[in-house]
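This briefing concerns the model displayed below.

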Protein chains: 4
Amino acid sequence: MLYFINDYMEGAHPQILQRLIETNMEKTPGYGTDDYCETAREKIRAACSCPDAQVWFLAGGTQTNATVIDSVLAGYEGVIAAKTGHISTHEAGAIEASGHKVLELEQSGGKISAQAVREYLKSFYADGTYEHMVTPGMVYISHPTEYGTLYTKDELRAMSEVCREYKIPLYMDGARLGYGLAAETDVTLADIANYCEAFYIGGTKVGALFGEAVVFTPRLKVPRFFTRMKQHGALVAKGRLLGLQFDTLFTDDLYINISAHAVRLAVKLKQAFVQKGYRLFIDSPTNQQFVVLSPQKLAELEQHAAFGVWEKLNKDEIVVRFATSWATDEDDVDKLISLL
Amino acid sequence: MLYFINDYMEGAHPQILQRLIETNMEKTPGYGTDDYCETAREKIRAACSCPDAQVWFLAGGTQTNATVIDSVLAGYEGVIAAKTGHISTHEAGAIEASGHKVLELEQSGGKISAQAVREYLKSFYADGTYEHMVTPGMVYISHPTEYGTLYTKDELRAMSEVCREYKIPLYMDGARLGYGLAAETDVTLADIANYCEAFYIGGTKVGALFGEAVVFTPRLKVPRFFTRMKQHGALVAKGRLLGLQFDTLFTDDLYINISAHAVRLAVKLKQAFVQKGYRLFIDSPTNQQFVVLSPQKLAELEQHAAFGVWEKLNKDEIVVRFATSWATDEDDVDKLISLL
Amino acid sequence: MLYFINDYMEGAHPQILQRLIETNMEKTPGYGTDDYCETAREKIRAACSCPDAQVWFLAGGTQTNATVIDSVLAGYEGVIAAKTGHISTHEAGAIEASGHKVLELEQSGGKISAQAVREYLKSFYADGTYEHMVTPGMVYISHPTEYGTLYTKDELRAMSEVCREYKIPLYMDGARLGYGLAAETDVTLADIANYCEAFYIGGTKVGALFGEAVVFTPRLKVPRFFTRMKQHGALVAKGRLLGLQFDTLFTDDLYINISAHAVRLAVKLKQAFVQKGYRLFIDSPTNQQFVVLSPQKLAELEQHAAFGVWEKLNKDEIVVRFATSWATDEDDVDKLISLL
Amino acid sequence: MLYFINDYMEGAHPQILQRLIETNMEKTPGYGTDDYCETAREKIRAACSCPDAQVWFLAGGTQTNATVIDSVLAGYEGVIAAKTGHISTHEAGAIEASGHKVLELEQSGGKISAQAVREYLKSFYADGTYEHMVTPGMVYISHPTEYGTLYTKDELRAMSEVCREYKIPLYMDGARLGYGLAAETDVTLADIANYCEAFYIGGTKVGALFGEAVVFTPRLKVPRFFTRMKQHGALVAKGRLLGLQFDTLFTDDLYINISAHAVRLAVKLKQAFVQKGYRLFIDSPTNQQFVVLSPQKLAELEQHAAFGVWEKLNKDEIVVRFATSWATDEDDVDKLISLL
């Protein structure tokens with residue numbers, strides 16, 4: 001069986017595992033106060049060209065979104081997001097469970113536009129009854145999106161301008177950020193730190209056993225985030241496990257290099273699909289590829305490969321997702337291509 | 001420096017690490033649906049003599065308490081706990097953040113008595129205004145407690161009787177359960193599954209990199225716990241990491257054996273303290289030892305050893321905590337003893 | 001100035017005020033345990049042909065929605081509602097503040113269709129990842145809707161069938177229920193009690209100083225609603241004020257009669273608009289009328305009348321709302337008509 | 001039967017009822033934006049000697065406490081209160097339902113001391129693990145307390161000093177504030193506005209049908225309180241009802257005068273108890289009197305009078321409460337005295 005079902009099927013990148021083995025019996029203080037966390041923070045600040053950023057390590061994505069959003073918003077505020085955003089759909093209401101409404105906007109290719117956000121904010125404040133409504137207090141985007149697409153630098157800048165005009169922070173969910181940075185894109189980590197007030201660098205899907213690194217730029221004040229992490233059950237006792245993993249990922253560009261591998265294989269797969277006459281559901285430059293299959297082809301491929309069945313467009317067309325990762329074997333990609 | 005500061009300073013027990021290494025590149029489905037989780041569940045059910053228990057794996061203790069308690073309680077219910085209970089003090093209000101009051105009772109040695117719980121419940125329902133108050137919907141105990149003490153089998157049975165009389169579940173926080181089971185005690189895992197409706201078996205402090213195993217006995221129905229875990233940010237994507245660790249811990253009694261090591265060294269240390277004339281703050285049979293030191297002795301010991309400063313009783317007496325763990329080296333204990 | 005801006009500009013219907021005056025110095029027990037509440041409950045049960053209904057009195061609409069929905073839903077559940085529903089828009093996130101997501105569906109004339117709800121539920125459970133998502137636990141409709149429209153008996157029956165098929169309760173927000181019952185409609189209070197599991201009968205907008213009566217049919221179990229009301233700040237100390245008002249409204253059909261007055265005047269106004277060539281934005285049979293005005297006409301009318309400016313369709317067309325109520329003077333309606 | 005069971009058995013003071021009658025058919029804008037609310041605000045600001053205070057009107061006490069406390073605290077903060085405080089006991093967990101822990105201190109006569117608060121705060125920040133705990137973010141006191149007692153001016157000043165030292169606001173629950181101001185006391189409304197950052201002036205128990213007036217001094221910034229009120233279901237549609245009532249209460253000292261009546265009768269009753277050899281459970285200077293009765297006397301009195309049974313001290317002594325109010329008839333007090 002060829003596995004393309006998601007990007008978190010394996011353990012950790014061997015270099016990370018090696019560090020965990022080497023340091024296993026070391027004794028360190030808990031809760032992220034150890035030296036490995038500190039060096040990881042330094043490396044992340046450097047990679048973001050943001051020397052004064054606050055960097056925090058959490059265990060998983062939903063936890064990170066819920067903790068960050070709840071910590072940044074006031075009680076009367078909600079968060080603007082795409083209808084297809086992860087927080088809107090697949091986090092079991094974690095944002096609402098902490099008291100905040102997700103203000104859902106229509107999306108295109110998983111993205112929301114600065115224009116749509118501006119119109120939302122403008123018409124919100126133009127409404128004489130706005131004080132009866134949930135105040136938009138933050139914009140949430142994911143990059144890559146749920147559909148593998150990326151914001152361009154211009155799009156990010158435009159979104160940032162809207163947010164700053166309305167004095168609300170821009171927050172980026174980077175669960176798959178590595179695959180976004182390693183794709184064909186004009187957006188760098190420094191750009192992200194420049195345009196977003198907060199974001200997280202995903203580890204779980206990009207080489208770590210588990211772990212996400214939250215970056216708060218100095219433009220955003222988040223008091224007592226440590227306490228908030230504890231309150232949200234997001235404070236890892238053996239914090240050094242997270243520090244070690246991110247320290248490794250941000251040494252010698254490992255994070256980008258292993259992401260580039262996944263992206264190269266995904267693009268190779270995409271090109272094969274196109275060449276063989278399949279219709280792309282969306283043209284994704286990253287590690288997730290969404291393709292339209294006939295029911296027959298789907299049934300046929302399922303004999304040999306595991307992948308995600310996304311959406312039934314009509315009786316003849318089904319959208320499926322193939323995901324590569326840092327761990328994908330090129331042989332498997334080639335075998336899959338041979339089956340198309 | 002000799003380290004006795006807590007029981008989560010190191011990584012994982014070597015056998016666990018070995019399993020993680022061996023399985024690192026295997027591809028498994030996510031979120032605890034893999035085979036390792038399944039075998040771990042079976043082994044835990046067997047160890048608890050509770051073949052119909054539901055078993056779930058979460059990443060950390062505060063997260064586990066918050067998710068379990070919020071999932072079990074109705075919105076109008078609170079949880080009875082000792083004033084010194086972990087949920088009452090050191091979880092940053094995680095229980096209240098999910099909407100529930102912690103109903104705090106006076107404790108003795110970290111424990112609450114069945115008698116005190118019965119009186120609380122009796123006087124609650126005797127109060128004509130009880131419908132204006134938070135309904136007690138669960139009893140929370142920890143075993144070992146924050147002070148290292150243990151409930152006896154009789155005490156557990158009595159607590160269970162009160163809970164069943166009032167039809168509320170008894171929940172045990174077992175962050176350090178191994179050290180409780182391996183101590184001199186008449187309480188077994190099967191007893192716990194018999195007297196408690198829910199409990200968790202701590203991994204983070206007992207040999208795992210991270211992870212706690214929640215056990216729901218068939219006497220307690222908890223609908224959609226999977227969704228609740230997701231909502232609380234407690235669902236681990238690479239769930240097999242948790243399954244593998246607990247599978248290892250529950251193979252060939254590893255969990256008990258490594259706990260017994262920690263307990264033996266803690267008792268050795270306790271006896272040395274007693275022999276040398278120190279006053280125990282509390283007589284703990286488990287891996288945490290609370291001793292009274294003079295300021296001079298404290299200052300002297302701090303030159304050579306790291307331990308926890310708990311509480312200042314008066315100007316001449318300070319309570320400190322020494323914790324051993326599965327990873328403690330007997331040499332370190334002997335060196336510490338030689339310094340007393 | 002002619003006032004048509006909303007239906008809560010005045011105090012109470014004179015008969016209600018009279019009862020408050022007559023009983024002012026009587027001494028009654030608090031929190032809805034008095035005899036006036038009890039007779040009001042009986043009269044409401046009779047009016048609903050639902051002798052076993054639970055009836056509770058709360059002070060206002062948002063409070064009622066939040067308390068009912070939070071009390072009925074489990075923590076992992078959300079509530080399906082129209083995008084334009086009051087809980088979706090104008091309750092400042094009260095539902096989310098108690099931890100529940102509002103699952104918003106597209107609407108037509110303020111209504112959602114049984115068909116749309118069925119499709120939502122069907123595709124929810126067909127989605128392999130549904131356990132990662134908020135479980136739909138209730139359907140919320142308002143009747144009349146935010147646009148003054150009404151569900152037909154067939155539509156209610158169809159909605160009820162979907163809800164029962166999926167075992168979730170149907171809840172009706174009846175903030176303006178009187179105006180719905182007194183309009184041209186085939187839906188009676190008994191039908192509502194038959195098709196909905198819970199609903200509330202609005203008093204604030206229909207003759208009371210303040211107050212809403214929640215009806216739980218025996219098909220829905222809501223444990224400890226009294227405590228939930230207290231917890232939500234919705235328990236009125238001098239509960240007899242609510243009992244007295246609803247007792248009066250449900251004596252000699254006062255509730256329907258005063259509603260019929262408002263509806264007759266609203267329909268008279270609607271017909272005048274139509275006759276004079278104005279376009280209705282929506283054809284409402286109840287006390288709220290939505291009409292399209294030109295900017296010139298709007299400016300002209302605003303000199304003489306107060307009404308709600310709803311939405312700018314384009315530069316030449318603006319939607320406005322005229323509301324009548326039990327307190328509207330027919331002279332004012334005639335004067336307004338003469339200005340059209 | 002003689003009624004002394006609580007202070008909310010009747011409707012409104014006749015002058016308030018008269019204003020409601022006179023203005024019943026006036027048309028005013030909703031949600032507290034009318035002129036009656038505005039003049040009431042001005043009169044309250046003047047009575048408090050605090051010309052820049054924000055004043056808001058809500059319907060009931062629990063609602064007011066929950067809305068104020070949730071609006072003032074950050075998500076990681078809790079509120080310090082007496083164990084016997086209303087928010088600690090009789091609000092069904094309303095504070096926790098909005099996510100905040102009530103940090104309960106031991107009390108004496110219903111009061112907490114500045115000294116106890118200082119020690120709590122001092123030891124909190126001295127604890128190396130304080131970031132794992134709920135941050136104390138506010139002090140809540142009630143005045144009169146649940147036991148009818150009052151803080152002295154010196155006690156308030158001392159409490160204020162602690163709060164300012166630790167930069168947290170002092171909030172006073174004034175559900176029965178009138179009875180506190182009209183008692184023998186050196187504390188004025190201006191003192192309260194001087195020492196507390198926020199407080200509320202109770203109407204429900206002091207002459208109004210319902211209603212509480214929240215005062216925020218300029219020292220406390222509470223953004224979007226209007227939205228918070230809506231979110232908490234505490235925004236009254238016909239806000240002018242609240243404005244009218246408080247305008248009346250703060251005209252010609254009505255609030256103080258009717259409170260003084262209640263206090264005079266309560267003190268008369270207290271003196272009679274003392275004279276006849278009964279033991280006071282507490283020496284209350286306000287409208288609530290707590291007396292110790294024998295079971296025989298209790299049974300005897302219950303034949304003729306309704307009062308509150310508070311607490312059984314032992315088999316021979318039971319604490320009961322007699323409450324007077326603005327509506328108490330002196331004849332009833334005299335009759336009660338004759339029964340002692």
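In chain D, strand 10 (residues 288-293) and strand 13 (residues 317-323) pair in the antiparallel sense over six bridges; two strands count as paired if DSSP finds at least two bridges between them. Helices (H or I, at least four residues) and strands (E, at least two) are DSSP runs, numbered from the N terminus. The model is predicted: local features need pLDDT of at least 70, side-chain atom pairs count only at pLDDT 80 or more, and totals for chains, interfaces and linings use all residues. Residues are numbered from 1 along each chain as its sequence is written, while chains are lettered from A and ligands numbered from 1 in the order in which they are written.

**Sheet of chain D**

- Gln289(D) stands opposite Phe322(D) in strand 13 of chain D.
- An open sheet of chain D is formed by four strands in the order 9-10-13-12, with antiparallel pairing.
- Strand 9 (279-280) and strand 12 (308-314) of chain D are at the edges, each with a single partner strand, so one side of each is left without a neighbour in the sheet.
- Helix 12 (residues 254-275) of chain D lies across strand 9, strand 10 and strand 13 of chain D, and runs at about 20° to strand 10 of chain D. Axes are lines fitted to C-alpha atoms, for helices over the stretch in contact, and angles run from 0 to 180 degrees between N-to-C directions.

**Helix pair in chain C**

- Helix 2 (residues 35-47) and helix 11 (residues 240-249) of chain C pack at an angle of about 35°, with their axes 7 Å apart.
- Tyr36(C), Cys37(C), Thr39(C), Ala40(C), Lys43(C) and Ile44(C) of helix 2 of chain C meet Arg240(C), Leu242(C), Gly243(C), Leu244(C), Phe246(C) and Asp247(C) of helix 11 of chain C. Residues are in contact if their C-beta atoms, placed from the backbone, lie within 7 Å.
- By class, the contact of helix 2 with helix 11 of chain C has seven nonpolar, two polar and three charged residues. Ala, Val, Leu, Ile, Met, Phe, Trp, Tyr, Cys and Pro count as nonpolar, Asp, Glu, Lys and Arg as charged, and the others, Gly among them, as polar.

**Domains of chain A**

- The domain assignment, which is automatic or from a database, gives domain 1 (2-7 + 254-339) and domain 2 (14-249) of chain A.
- The C-alpha centres of domain 1 and domain 2 of chain A lie 27 Å apart.
- In chain A, 19 residues of domain 1 are in contact with 21 residues of domain 2.
- Helix 12 of chain A gives the most to the side of domain 1 of chain A that touches domain 2 of chain A, with eight residues.

**Contact of chains C and D**

- Chain C and chain D contribute 41 residues each to their contact.
- On the side of chain C that touches chain D, helix 1 of chain C gives the most, with four residues.
- That side of chain C has 20 nonpolar, 15 polar and six charged residues.
- A rotation of 180° with 0.0 Å of shift along its axis superposes chain C on chain D (RMSD 0.0 Å), by least squares on the C-alpha atoms of residues with pLDDT of at least 70 in both. That is the relation of a two-fold axis.
- Of the interface residues of chain C, 100% are also interface residues in chain D, so the copies meet through the same surface.

Terms used
Contact = placed C-beta atoms within 7 Å.
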